[in-house]
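I opened the notebook to write down what I looked up, one entry per topic.

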Amino acid sequence: GRLSSLQRLLLDSTGLTGSIPASLGGLVNMKSLYFSYNSLTGTLPDSLSHLTKLQNFSIDSTSLSGTVPASYSKMTSLQYFEASNSHMLQGCLPLSWRKQLLFKGQALKVAVLNGTNLKGYC
């Protein structure tokens, strides 16, 4: 569609409520996705795993719950992930994010997880 070339979606502190739309997974050229400081609920949609060019993903200070889907291991370009103060998130980060960093010297460089129940990689 018309937004298929969109690369940055910065929606921090915009008063958003509800869940992250699964349709955002169709924005395959997305490089930066920021949802911080909004009243978002629900879980992280699996469809975001299609954002393989995504470099920056911020969901800090939201009410999102559940785990980071294992399918997010496809996000091999991710360099920055922030989920701090999203207290309802639990589980772990995809192991591939750590492997990317160790073996390729790229991908996930910063993971900010304070104030969550996310515990390392699995």
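**Entry: terms and ground rules.** I count two strands as paired if DSSP finds at least two bridges between them. Helices (H or I, at least four residues) and strands (E, at least two) are DSSP runs, numbered from the N terminus. I noted that this is a predicted model, in which local features need pLDDT of at least 70 and side-chain atom pairs count only at pLDDT 80 or more, while totals for chains, interfaces and linings use all residues. Residues are numbered from 1 along each chain as its sequence is written, and side-chain values use heavy atoms, with hydrogens and water left out.

**Entry: the sheet.** I looked up an open sheet of three strands and found the order β6-β8-β10, with parallel pairing. β6 (66–67) and β10 (117–121) are the edge strands, each pairing on one side only.

I then went through the bridges. β6 and β8 (residues 89–93) run parallel and are joined by two bridges. Glycine 66 stands opposite leucine 89 of β8, and threonine 67 stands opposite glutamine 90 of β8. β8 and β10 also run parallel, with three bridges between them. There I found leucine 93 opposite tyrosine 121 of β10.

**Entry: the disulfide.** How many disulfides does a search of the whole structure find? I used the rule that a disulfide is a pair of cysteine sulfur atoms within 2.5 Å, and the search gave one. The disulfide joins cysteine 92 to cysteine 122, with S to S at 1.6 Å. The two cysteines link distant parts of the chain, 30 residues apart: cysteine 92 is in strand β8 and cysteine 122 in the segment after β10. The torsion about the S-S bond of cysteine 92 and cysteine 122 is about 50°, so I wrote the disulfide down as right-handed.

Are the two cysteines buried or exposed? Buried means under 20% relative accessible area, exposed over 50%, and partly exposed in between (1.4 Å probe, protein chains only). Cysteine 92 is buried at a relative accessible area of 13%, whereas cysteine 122 is exposed at 57%.

**Entry: phenylalanine 57 and the core.** A nonpolar core is a set of buried Ala, Val, Leu, Ile, Met, Phe, Trp, Tyr and Cys residues joined through side-chain atoms within 4.5 Å. The largest nonpolar core has 27 residues, and those touching the most other members are Ile20, Leu33, Leu48, Phe57, Ile59, Phe81 and Trp97. I followed phenylalanine 57, which is buried with a relative accessible area of 0%. Contact means heavy atoms within 4.5 Å. Neighbours within four places in sequence aside, phenylalanine 57 is in contact with residues including Leu33, Leu48, Tyr72 and Phe81.

**Entry: aromatic rings.** A pair of aromatic rings is described by the distance of the centres and the angle of the planes. Rings of Phe, Tyr and Trp (its six-membered ring) pair if their centres lie within 6.5 Å; planes under 30 degrees apart count as stacked, over 60 as edge-to-face and the rest as tilted. I found three aromatic pairs in the structure. In one of them, the rings of phenylalanine 57 and tyrosine 72 have centres 6.5 Å apart and planes at 55°, so the pair is tilted. Phenylalanine 57 lies in strand β5 (residues 56–58) and tyrosine 72 in the loop between β6 and β7 (80–82), so the pair ties together parts 15 residues apart in sequence. Tyrosine 72 is buried, with a relative accessible area of 0%. Phe57, Tyr72, Phe81 and Trp97 form one aromatic cluster.

I placed serine 84 in the loop between β7 and β8. Serine 84 counts as buried at 4% relative accessibility, and a polar contact of 2.9 Å joins its side chain to that of glutamate 82.

Threonine 62 lies in the loop between β5 and β6 and is buried at 6% relative accessible area. I found its side chain in polar contact with the side chain of serine 86, at 3.1 Å.

**Entry: positive phi.** Tyrosine 37 has a positive phi of about 60° although it is not a glycine. Tyrosine 37 lies in the loop between β3 (32–34) and β4 (39–40) and is exposed at 52% relative accessible area.

Definitions and conventions: Polar contact = N/O pair within 3.5 Å; in protein donor to acceptor, adjacent residues only side chain to side chain.
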